[in-house]
Amino acid sequence: MKKLALSTALALLTSFSPALAQEPVAGGNMIVTYKDDVATLDPAIGYDWQNWSMIKSLFDGLMDYEPGTTNLRPGLAESYEFTEDGLTYTFKLRAGMKFHNGRELTAEDVVYSINRAVDPATQSPGQGFFGMIEGFDAAAEGKGPLSGVSAPDAQTVVFKLSRPDATFLHVMALNFSFIVPKEAVEEAGADFGKKPVGTGAFKLAEWSLGQRLVFEKNPDYWIAGVPYLDSFTVEVGQEPVVALLRAQNGEVDIPGDGIPPAKFVEVMGDPAQAALVVEGGQLHTGYVTMNVTAAPFDKPEVRQAVNMAINKDRIVQVINGRAIPANQPLPPSMPGYTKDYAGYPYDVEGAKKLLADAGLGDGFETELYVMNTDPNPRIAQAIQQDLKAIGITANIRSLAQANVIEAGGAGTAPMIWSGGMAWIADFPDPSNFYGPILGCGGAIDGGWNWSKYCNADLDALAAKADSVIDPAKAEERLSLWSEVYMGVMKDAAWAPVFNEQRFTMKSARMGGADALYVDPVSIPVNYDYVFIKE
C-alpha cells in the first residue's frame, strides 16, 4: 500500500517557537490567579478551561500545535506517515525524551496511555474521541485493550483505524492523548491527578490545596531553550475583583478568571490598563436553536425570519462588546470558516414578509429557554424584544443549566439561547462543530443537537470531508466543510448570534507574542513560551 509521509520534525524546527516581537528572556516566576482550586492535573480526566493549559505544560502528545495558532505540528513524534487509505498511521518517536521521574519514554508508554483513556475504569470524559481506532467498541466496554494500537519497537507506534478520519491527528494532540508513565500512575493511584508525571516543559513542584500550585521548569525538556520561565505560581482562592486589583498594583501577572464583567468598561476605558489587555478570538459560537421537527419552526421561512429579526450588534452591546456578531456556525478563527459569506441581514420588514409567506403574518407565540445566570437572561430579553418586532411572542423560560440541557436533549424546547452552554471546540477542526450539535447523530434523545436538525445530504458531505486525509488536499477538505455549513445556513437550522472574544490582562513585565495570551488551544495563556522581560 502506498504511504504518505509527512514531516520530519527537526525540519520544522522554526515552528517550535512563535513569531516574537522581542527576544525571549530566560528566568523568573510568573504569578497567575484563579478563584477556584484546580480539580485535577490528570490528562485523561481534566476537561475544563482552567486545568487545560496547565496539563498542556505538564504533558505532551504525539502531536501538538504551533504556539498561538491552530496549526498542527509533530510533538513527541519526530515524524509520522499513513497509508493511502487512511487506515494505518505509523509514528516514530524522538530519541531520549524523559518523563519527570527521569525514565525515558518508549512506544509502550504511548500504547498504555491511549488504552488508559479508553478503559472505562478510568472514566475519562474523552473516551469517545478515540472511536475511530480499531477495537474501540470492545475496549470501551472494558473487554481488553485496543486492537488497533501497537508498539513494534521502542520508537514506533502503529494505529489501525476502522475508518479514515481526518480528525485523527487532532485527537493525537488532545490532552486525553497525552503520554503518562504506567509506574507513576500505578504508584499514585487515584491521586495521580494531584501527583502528575509527564514529559512537559514544566513539572509540578508544590500543590497546597486551596492556596497555590507551583510549576517548575523541566531542565530535560526536549525542545531546546523552552520554557523561558523558571517557574509559574497559580494562586487559588482569589476573587476575580481582588485579582484584578492586585494585577493593577503589579502583584499579579495574569488574572486567570479574566476581567470581571462589572469592571470591563472601566478597564477598557483607561488607556493605561487597556494597553495591557490582549484580545483574541475563541473557538466559540453563541446561537439560538429552533426545533425544526415541530410547528412553526418546521418551516424554513420561519427560521430564516428569526435569523433576520435578531439585532446582533445590539446584543453584543449587552455584553459590553466582548464578542463579534456571528453569521455562521463556525467562529472566524476556525479553519473552514467561510470568509465571503455575509449571513442573514438584520431586516425587520424582510423578516415580516417571510412570516407572511409562511402563512404566519399575524405572528405566533412560543417559548425561549435560557440558562438563568447573568448575562444570559438579559440576552434572552433582547432576543425577545427583537422577535416581538416581527410578531413573534417568545415567553422566556429561565432555568438552571441542567434543566435547559435536559429540555434541549428531549426536544421539548421550541427555542434555546445557548449562552453559558454554547459550543467551544475541543480541537480546532470544523468537524467538531458539526457532528455533536448539527449532525443527524446528535439529533437524538439526550443529544446536543437541540434543533433536532438532520440533513442526510449534509451528513454525507461531512463524512466525505472527513475521509479526505491527504494533507495536500487540506484546502479541498475545508472547502467541503464550508459547503456543509453554507447548507446549514440555507436551511437556517440555527440563528448564530455572536462569537465571544477573549480578553486577557497581563502585567507590563510579561513578554512574548500577544497570540500566546489568547492561544486558541491553551486557555488562558500558553505558559511554555511567555517570558518576563525585566
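This is a predicted model: local features need pLDDT of at least 70, side-chain atom pairs count only at pLDDT 80 or more; totals for chains, interfaces and linings use all residues.
1. Let me start with the disulfide. The structure holds one, and it joins cysteine 440 to cysteine 454, with an S to S distance of 2.0 Å. Both cysteine 440 and cysteine 454 lie in the loop between S19 and H14, so the bond ties together parts that are 14 residues apart in sequence.

2. A word on its geometry: the torsion about the S-S bond of cysteine 440 and cysteine 454 is about 90 degrees, so this disulfide is right-handed. As for accessibility, cysteine 454 is partly exposed, with a relative accessible area of 48%.

3. Glycine 441 is also worth a look. Its place is in the loop between strand S19 (423-424) and H14. With a relative accessible area of 58%, glycine 441 is exposed, because the cut-off for that class is over 50%. From glycine 441 to asparagine 29 the C-alpha to C-alpha distance is 47 Å, and the two are 412 residues apart in sequence.

4. Next, the helices. H14 (residues 456-466) packs with H15 (residues 474-491) at an angle of about 165 degrees, and their axes are 9 Å apart. Angles over 145 degrees count as roughly antiparallel, and H14 and H15 are therefore roughly antiparallel to each other. The crossing of H14 past H15 is left-handed.

5. Finally, the contact itself. H14 contributes Leu458, Leu461, Ala462, Lys464, Ala465 and Asp466, while H15 brings Arg477, Leu480, Trp481, Glu483, Val484, Gly487 and Val488. By class, the residues of this contact comprise eight nonpolar, one polar and four charged.

Technical notes. Residues are numbered from 1 along each chain as its sequence is written. Side-chain values use heavy atoms; hydrogens and water are left out. Axes are lines fitted to C-alpha atoms, for helices over the stretch in contact, and angles run from 0 to 180 degrees between N-to-C directions. Helices (H or I, at least four residues) and strands (E, at least two) are DSSP runs, numbered from the N terminus. Angles under 35 degrees count as roughly parallel, over 145 as roughly antiparallel, 65 to 115 as roughly perpendicular and the rest as oblique. A crossing is left-handed if the near helix is turned anticlockwise from the far one by less than a right angle, and right-handed if clockwise. Contact means heavy atoms within 4.5 Å. Ala, Val, Leu, Ile, Met, Phe, Trp, Tyr, Cys and Pro count as nonpolar, Asp, Glu, Lys and Arg as charged, and the others, Gly among them, as polar. Buried means under 20% relative accessible area, exposed over 50%, partly exposed in between (1.4 Å probe, protein chains only). A disulfide is a pair of cysteine sulfur atoms within 2.5 Å.
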